[in-house]
Amino acid sequence: MNCCQPSTATLGTNKFFSRQSKRYLKRFRKGGLAREQQYLIEGILSAGVTGKSILDIGCGIGGIHFTLLKQGALSAIGVEISQGMLDSAKQLSKELGFEKQTSYLRGDFVEMDGQVSQADITVLDKVVCCYENLDALLTASLEKTRNIYALSFPKPTFWIKLFIHIPITLGRLLRWSFRPYWHDWNGMVQMIEEKGFTQRYQKETFLWAVRVFEKK
Ligand SMILES: C[S@@+](CC[C@H](N)C(=O)[O-])C[C@H]1O[C@@H](n2cnc3c(N)ncnc32)[C@H](O)[C@@H]1O
């Protein structure tokens, strides 16, 4: 692979989520944040957001960082592989009057080390299950986090694993350009803690586990 060409997986992720972006936008406009996103917000707010900078990796249409900005965060950077998601996030940012506080980067976060500065709060909402190289994504994102690391991921139970393995298996067999990934989620939490973060909030929905960590 040429260093400057997006990988096949990145192209597939862009195509898949760009097609989904209008649906995400419509759902946010109609119903606001999903339950697991409300939990992420609750966990982050419990640590305080006033004057803090946000790094929203795989930000989608930006619902999480707009909510944190409304609650007093200073600024937000949204990073997205999907052009469609990023276009929707920019449109919403303008509509909500956050243009001066937001900036957006298009591409794979793991590939953009020098372009992203450190933030007080990093969010990865339903992103770790959309990316193959979990170690690289965790390492790169933890390095950019000064204080709070908040993420949601599929609940590590037998039934959720079975459920997520349907698109994983179909995607492999039918060579879909995008498919989700199942990682060792307990190992992931351990890795975050080994990097000096302590869990301060935990909640679950039927499908998603939400965790917020803090580095003192
Ligand atoms: C399931 S969607 C969730 C979007 C948003 N966080 C939300 O919950 O509404 C996952 C998003 O992560 C993005 N993504 C996955 N891996 C990424 C990476 N390495 N860098 C940047 N974006 C990524 C995808 O393009 C996709 O839009």
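Predicted model: local features only at pLDDT ≥ 70, side-chain atom pairs only at ≥ 80, totals over all residues.
The expected span of a helix is 1.5 Å times one less than its number of residues.

**View 1. Helix α6, end to end.** Helix α6 covers residues 158-173. Look along the helix for a kink of about 30 degrees at His165, shortly before the proline Pro167. The number of buried residues in α6 is zero, so this helix lies largely in the open.

View 2. Arg175 has a positive phi of about 55 degrees, and it is a residue other than glycine. With 8 other C-beta atoms within 10 Å, Arg175 is exposed.

**View 3. Lys126, in another loop.** Lys126 is found between β4 (119-125) and α5 (134-143). Although not a glycine, Lys126 has a positive phi of about 55 degrees. Lys126 has 19 other C-beta atoms within 10 Å and is partly exposed; a residue needs 20 or more to be buried.

**View 4. Helices α1 and α4, packed together.** Helix α1 (residues 8-31) packs against helix α4 (residues 83-96) at an angle of about 30 degrees, and their axes are 6 Å apart. Angles under 35 degrees count as roughly parallel, and α1 and α4 are therefore roughly parallel to each other. On the α1 side, the contact includes Phe17, Arg19 and Tyr24, while Gly84 and Met85 are among the α4 residues. By class, this contact of α1 with α4 has four nonpolar, six polar and one charged residues.

Conventions
Residues numbered from 1 in each chain as written. Axes fitted to C-alpha atoms, helices over the stretch in contact; angles between N-to-C directions. Helix = DSSP H or I, 4+ residues; strand = E, 2+ residues; numbered from the N terminus. Parallel < 35°, antiparallel > 145°, perpendicular 65-115°, else oblique. Contact = placed C-beta atoms within 7 Å. Nonpolar A, V, L, I, M, F, W, Y, C, P; charged D, E, K, R; others polar. Bend = angle between axes of the 7 residues up to and from the residue. Buried ≥ 20, exposed ≤ 12 C-beta atoms within 10 Å, placed from the backbone.
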